[in-house]
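Hello,

Here is the structure I promised to pass on to you.

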Amino acid sequence: MSTNTNLENFISYSTNRFSWENDVIIIAGPTAVGKSKIAIDLAKSINGVIINADSVQVYKDLNILSARPNKITIETIEHCLYGYVSSSTNFSVANWLSDLNDILVEIKKKQKIPILVGGSGLYISAAVNGLAPIPNILQKIKDESNLKFNQIGLESFKELVSQIDPIFTHKNLDKHRLIRAYSVFKQTNKNLTFWYSQPRIGKIDKKVFSILISSERAIIYKNCDLRFNQMLGNKAIEEVIKLRNKNINRDFPIMKSLGVKWLLSFLDGSISYDYAVELSMRDTRNYAKRQMTWFRHNYIPQITIKL
């Protein structure tokens, strides 16, 4: 059961409570709610290190549109797993979980308390529960699966995957999940339903203290719009131009991230600038809504801080 509190009370509560040897604190919540500031204030008070649990803030080339902490903040408090992945890497939650476990070992050597911060439910769930032991799928297999999809089209591909894994396809019918399911079966000869039934691996070997940062939906939506306008003012479009010039595969996660997708469409001449901004803001608000739903059903905080 979650206890409601404010930031000041929680900081006071946290002093001398957590152990660098055994504990990890998770600060989760929807985008633009104010997680980073709370994490920084907490880290200062308990000798903590902030670790990224956001699927977009891992990328080197996405500083502005990922709302990554600025240079001054990072120099003030140690931050890990931010801006360290090449934009041309098809990075996955499994990659991140491996990196997380490695960095937790290093933080323990420094006798500091790890503070995991983010809004990516998949990353937070992986940290707490681990992942299904699905082998890494070869790029050759991924390419062949994409080619198969393009050759036969969505409907025929759905039928193909439903024969392989009817349970999975009952609830997963979008292109990327279908291709993932086909790729896994093609390489392992076992479907995703089998792999998801296996014991999970890789969860962090720490006692977890979970915190949820929340606010009224209208406030979060307003924050999303304000922040996106600030990003545009900070030359977000130039950031996307640099990404576009790298000719990165448009199916890679970074190229479909919030803001990037529609600004690329503008740069391609497909839509107007104003419409790209409108769609980007809409998608960000929808993402925040999905996050709030996910946290309500899948995350059990010990403390909730409402801003």
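Below are some notes on a helix pair and on aromatic rings.

This is a predicted model, where local features need pLDDT of at least 70 and side-chain atom pairs count only at pLDDT 80 or more, while totals for chains, interfaces and linings use all residues. Residues are numbered from 1 along each chain as its sequence is written, and side-chain values use heavy atoms, leaving out hydrogens and water.

Let's begin with the helices (DSSP runs of H or I, at least four residues, numbered from the N terminus). α4 covers residues 93-109 and α5 residues 121-129; they pack at about 50°, with axes 10 Å apart. The axes are lines fitted to C-alpha atoms over the stretch in contact, with angles from 0 to 180 degrees between N-to-C directions. In contact (heavy atoms within 4.5 Å) are Val93, Trp96, Leu97 and Leu100 of α4 with Leu122, Tyr123, Ala126 and Ala127 of α5.

Now the rings: the whole structure holds nine aromatic pairs (centres of Phe, Tyr or six-membered Trp rings within 6.5 Å; edge-to-face means planes over 60 degrees apart). One of them, tyrosine 84 with phenylalanine 91, is edge-to-face, at 6.1 Å between centres and 85° between planes. Tyrosine 84 is partly exposed at 28% relative accessibility, whereas phenylalanine 91 is buried at 11% (buried is under 20%, exposed over 50%, partly exposed in between; 1.4 Å probe, protein chains only). Ring pairs also join Phe149, Phe157 and Tyr182 into a cluster.

Best wishes

Conventions: Helix = DSSP H or I, 4+ residues; strand = E, 2+ residues; numbered from the N terminus. Phe/Tyr/Trp six-rings, centres within 6.5 Å; stacked < 30°, edge-to-face > 60°.
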